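Hello, and welcome to this structure.

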Amino acid sequence: MRPELSRPSMPRGSMPPLEVNGRLYRWPTRPTAVVCFDGCDPSYLAAASAAGMIPVLDRMRREGFSATALAAMPTFTNPNNISIVCGVPPAVHGVSGNFYIDRASGREVMMVDAAPMRAPTILSAFSLAGAKVAAVTAKDKLRRALGHDLAGIAFSAERADLATQAENGIADVPALAGRPAPDPYSADLSLFVLDAGVRLVETLRPDLIYLSLSDYVQHKHAPEDPEALAFMAAVDARLGQLVAAGAVVGLVADHGMTDMANPDGSPSVLYLGDAMDAAFGAGAMRVVCPITDPFVRHHGALGGFVRVHLAATDRPAEEVATFVRTLPGVAVALTREEVCARFDLPPDREGDVAVIAEKGVALGARGADHDVSQLAGRRLRSHGGLSEQSVPFVLSHPLRRGADAVVQPLRNYDIFALALNEVEA
Ligand SMILES: [Zn+2]
């Protein structure tokens, strides 16, 4: 059940700041829209800007605020979306991938079904304090996590036609957006999120709105491809509509995107599961690729970060990590304690050894576990490692205190803090 709304009678500007997960957030005095531009590597902005395709973003970067921020590790979609809406890293909210292996039972547990979230979201906190809040996502799975305890509007483009007042706080989304629900496997899924967001800002004037796109285009197309440039231009036009509707707009990405193909176009993959079987015996280790669900063969489920569980071996994790570091294509191999300390990750959802690939290399389990045929001749483009940690961080308006407002290193999950607390609106 969705919680009920209660509206505060005080003007927004005189409301005391809200504390969420140990951070303070001022009440917005005008609609504040945060866009998670899924997979928007800084190279997409650079290419589109050079081609003259993103005048709105160019102006935001020139007249507002622009920086490069760090995404949370691993650089996957769900941990970063949850970090952004919670304002804290995965160690606090518990979502460090799409699924994890329960260390006691050995079973796969999904992390995005809200129950394993250990922290409230900024969206929920404001909505329960009486703010008008909306969240629109591309995929419905993410909507369920982001809409957790949200007393407001939360729907996905994927299920736009199925939204109901009871479940989503809104019905007949296609009528709002002015067009039918989009194909979930299309660039249009993200554009629908933005179109609906623009209409919501224009009509409902939410205090806070979070718009989370999909990285469908970036997985398929390099920054200079005409399809990528056209997508950037289409997003840019809608950001312009949000600004024109009077919103403060903040834009970050959940992760970058890297070409992980060999010169001949075949995917550049280190099948860590096969390497572990060869070195330690078949089945001694379990390699987990938490970039996607265990039952979805999305993009071959290949990315730059995997977890190794020492299933049937008494080898110490340090020894296994030392061995993994010798494999070509591996950049970093850390024990559970090391990776959690370095990247603010929840220890109970880690494996025994975390492995991060070198730039341009994807990590897999066993070759037989991955279906790369669905790439259909395209080059593999993916994310998950350190090479995809740098992301754009852009605000439509300048910061009141200028650079003094920015605590380094800037994180993508600082976007609500800067947009609400530091913008000269
Ligand atoms: Zn993503």
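Which residues coordinate the zinc ion? Keep that question in mind as you start, and bear in mind that this is a predicted model.

1. **The zinc site.** Asp38, Thr77, Asp254 and His255 coordinate the zinc ion, at 1.9 to 2.2 Å. The atoms involved are OD of Asp38, OG1 of Thr77, OD of Asp254 and NE2 of His255. Written as a spacing along the sequence, the donor residues read D-x38-T-x176-D-H. Thr77 belongs to helix α3 (residues 77-86), while Asp254 sits in the loop between β10 (248-252) and β11 (258-259), so this pair ties together parts that are 177 residues apart in sequence. Asp254 is also buried, its relative accessible area being 0%.

2. **The geometry at the zinc.** Why is the arrangement of the four donor atoms irregular? The angles they subtend around the zinc ion run from 88 to 141 degrees, and a tetrahedral arrangement of four donors would need all angles between 85 and 135 degrees. For reference, ideal angles for four tetrahedral donors are 109.5 degrees.

3. **The sheet.** Now follow the strands across. Seven of them form an open sheet, in the order β4-β19-β10-β3-β9-β7-β8, with mixed pairing. At the edges are β4 (65-70) and β8, each of which pairs on one side only. From one strand to the next, the twist averages 15 degrees. Helix α2 (residues 55-63) packs on this sheet, where α2 touches β4, β10 and β19 (390-395). The direction of α2 makes about 80 degrees with that of β19.

4. Are the residues of β9 buried or exposed? Five of its five residues are buried. Leu208, Tyr210 and Ser212 point one way from the strand, and Ile209 and Leu211 point the other way. In a regular strand, side chains do alternate between the two faces of the sheet. β9 pairs with β3 in the parallel sense over five bridges, and Thr32 stands opposite Leu208. With β7, too, the pairing of β9 is parallel over five bridges, and here Ala134 stands opposite Ile209.

5. The pairing of β7 and β8 is parallel, over four bridges.

6. **Helix α9.** How many residues does α9 have? This helix (residues 188-203) has 16 residues and reaches 22 Å from its first C-alpha to its last, close to the 22 Å expected at 1.5 Å a residue. Helix α9 is mostly covered, with 12 of its 16 residues buried. Among them are Leu189, Phe192, Val193, Leu194, Val198, Leu200 and Val201, and also Asp195 and Gly197. The buried residues of α9 pack against strands β3 (32-36), β7 (133-137), β8 (153-156) and β9 (208-212), and against helices α8 (173-177) and α11 (226-244). Just after the helix, Arg205 takes a positive phi of about 50 degrees.

7. **Backbone spots to check.** Most residues other than glycine have a negative phi, and most peptide bonds are trans. Another runs from Gln408 to Pro409, with omega near -5 degrees; Pro409 is found in the loop between β19 and α15 (415-421).

8. **Two aspartates with positive phi.** Phi of Asp149 is near 55 degrees, and this residue lies in the loop between α6 (140-146) and β8. Asp149 is partly exposed, with a relative accessible area of 42%. Asp344 also has a phi near 55 degrees. Its loop runs between α14 (336-343) and β16 (353-357), and Asp344 is partly exposed as well, with a relative accessible area of 34%.

Conventions. Residues are numbered from 1 along each chain as its sequence is written. This is a predicted model: local features need pLDDT of at least 70, side-chain atom pairs count only at pLDDT 80 or more; totals for chains, interfaces and linings use all residues. Side-chain values use heavy atoms; hydrogens and water are left out. The expected span of a helix is 1.5 Å times one less than its number of residues. Buried means under 20% relative accessible area, exposed over 50%, partly exposed in between (1.4 Å probe, protein chains only). Contact means heavy atoms within 4.5 Å. Donors are N, O and S atoms within 2.8 Å of the metal (3.2 Å for Na, K and Ca); water is not among the atoms, so sites may look incomplete. Four donors count as tetrahedral if all angles lie between 85 and 135 degrees; four count as square planar and six as octahedral if opposite donors are over 155 degrees apart and all others between 65 and 115; anything else is irregular. Two strands pair if DSSP finds at least two bridges between them. Axes are lines fitted to C-alpha atoms, for helices over the stretch in contact, and angles run from 0 to 180 degrees between N-to-C directions.
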